[in-house]
Amino acid sequence: MTDSITYSDICILRLSAIGDVCHGVSAVQAIQKAHPSAKITWVVGKVEAMLLADLPGVELVVFDKKQGKAAYQQLKQQFKGRKFDVLLHMQVALRANLVARCIPAKVKIGFDWARSKELHSLFINKRIAPQQQAHVLEGFKGFAQAIGVADYQPNWQMPFSEQDQSNADELLGTERLAGRIFVISPAASKKERNWLAERYAKLAEHAHKQGFHVVITGGPTPLEVTLSDEIIAATTTPILNLVGKTKLKELLCVLKRAALVLAPDTGPAHMAVTVGTPVIGLYAHSNPKRTGPYLYQNYVVEVYHQNLLKQTGKTAEQLPWGVRVKGSDLMSQISVDEVTLMFDLVVEKEQLLQTEGEQYE
């Protein structure tokens, strides 16, 4: 589904979350290349806007959900007198659907029937082409293709300043910057999606023995602070604890300096992808083929598929795409040996790729 229309004013609607807006950046930047004269406005959540601030050529309009009804009124007022050529409505959640009502556009493109939910169909008048078993990023590519952007290989130009990088480098220190950094970003938004603290500690020990400097990152929430403290308490390996000490852009810069990242189903895993840092993803509840680190899906260690089959008697291909597995202790099924093996394989492969790259320079 493509067209040859010339667009001058395009609106993107994707409020959350961090990982998803990272996927969205690749689509937006592909759209910019295909429609270089078009003005692009992105309606985005307050936290996510902190990461996307100063995205080249994009006007960010912040929707702060904490303001309740006032946020919708502000949006209507801000767009008063405007009329977008097209709205790319990239989120099916009810809140996002209500936001779409406040955005004046001739054409409102949303997801295909199979992915529509929470009344999404009532707020659009055109759909992207259906996709079978698509990664979230592939869905966003579908929106770009719907307005005439040819198929493209995702890449990212993430916005951060020299000061952001300088702040990150100061936190990391000269010794770590001179060596290889292994970042553990251990916490997802829900506790059940986190691996066990003592197992993260074992990976920290293994990485340290291989000559890596170990760094733990995360936000200031009690869950993240507690988990990082438990990891550090479970080992004598020296670990730099940056949990709660970085802004989002500084975290992005820390991830950029890393040689390798270990993370569950969480935003920083996708942030790492945008700056070209390999990620070992740990998955139990969500299908990594849909939500895993896009460029590093071969580096995922998962127990999702075996648990899906056990709970439903069916495979992912036999069920509606994106079905989640339930259980509070599923991540404990991922063993230290499995992740250690993946760590060694990834380090070996990435070193080989780096060597081959240097030979062709």
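Q: Which residues of helix α6 are buried?
A: This is a predicted model. Take the helix by its residue range, then check burial along it. In α6 (residues 162–172), the buried ones are D164, Q165, A168, D169 and L172.

Q: What covers the buried residues of α6?
A: Contacts give the cover. It includes the helices α7 (174–178) and α10 (248–257). The strands β7 (180–184), β8 and β9 are also among the covering elements.

Q: How many residues does helix α9 have, and how far does it reach?
A: Compare the end-to-end span with the expected one. Helix α9 (residues 222–233) has 12 residues. From first C-alpha to last it reaches 16 Å, close to the 16 Å expected at 1.5 Å a residue.

Q: Which residues of α9 are buried, and where do they lie around the axis?
A: E224, L227, S228 and I231 are buried. Seen down the axis of α9, they fall within an arc of 100 degrees, so they line one face of the helix. P222 and A233 are exposed on the other side.

Q: What covers the buried residues of α9?
A: Again, read the contacts. The cover includes α8 (197–209), β8 (212–216) and β9 (239–241). Strands β8 and β9 are also among the elements that cover α6.

Q: Is H270 buried or exposed?
A: Read the relative accessible area. H270 is buried, at 6%, because buried means under 20%. Its place is in helix α11 (residues 267–274).

Q: What does H270 touch, not counting residues up to four places away in sequence?
A: A contact list shows the surroundings. H270 touches G19, C22, H23, D265, Y283, T291, G292 and P293, with residues up to four places away in sequence not counted.

Q: How many residues are in the largest nonpolar core, and which have the most contacts inside it?
A: The largest nonpolar core has 100 residues. Those with the most contacts inside it are I10, W42, L88 and L282. Helix α1 (residues 18–34) gives the largest share, eight residues.

Q: How is empty space found?
A: Rolling a probe the size of a water molecule over the atoms shows where empty space is left. About 310 Å³ of space lies in the second largest pocket.

Q: What lines the second largest pocket?
A: Its lining has 15 residues. A259, P278, E350, Q351 and Q354 lie nearest the centre. Helix α14 (residues 336–359) supplies the largest share of the lining, six residues.

Q: Where is V62, and how accessible is V62?
A: V62 is in strand β3 (residues 58–63). At 42% relative accessibility, V62 counts as partly exposed. Leaving aside neighbours within four places in sequence, V62 contacts V44, G45, K46 and A49.

Notes: Residues numbered from 1 in each chain as written. Predicted model: local features only at pLDDT ≥ 70, side-chain atom pairs only at ≥ 80, totals over all residues. Heavy atoms only, no water. Helix = DSSP H or I, 4+ residues; strand = E, 2+ residues; numbered from the N terminus. Expected span 1.5 Å × (residues − 1). Buried < 20%, exposed > 50% of the residue type's maximum accessible area, 1.4 Å probe, protein only. Arc of directions from axis to C-beta. Contact = heavy atoms within 4.5 Å. Core = buried A, V, L, I, M, F, W, Y, C linked by side-chain atoms within 4.5 Å. 1 Å grid on protein atoms, 1.4 Å probe; cavity = no way out; pocket = protein on both sides within 12 Å on 5 of 7 lines; lining within 4 Å. Points joined across faces, edges and corners; volume = space filled by probe spheres on them.
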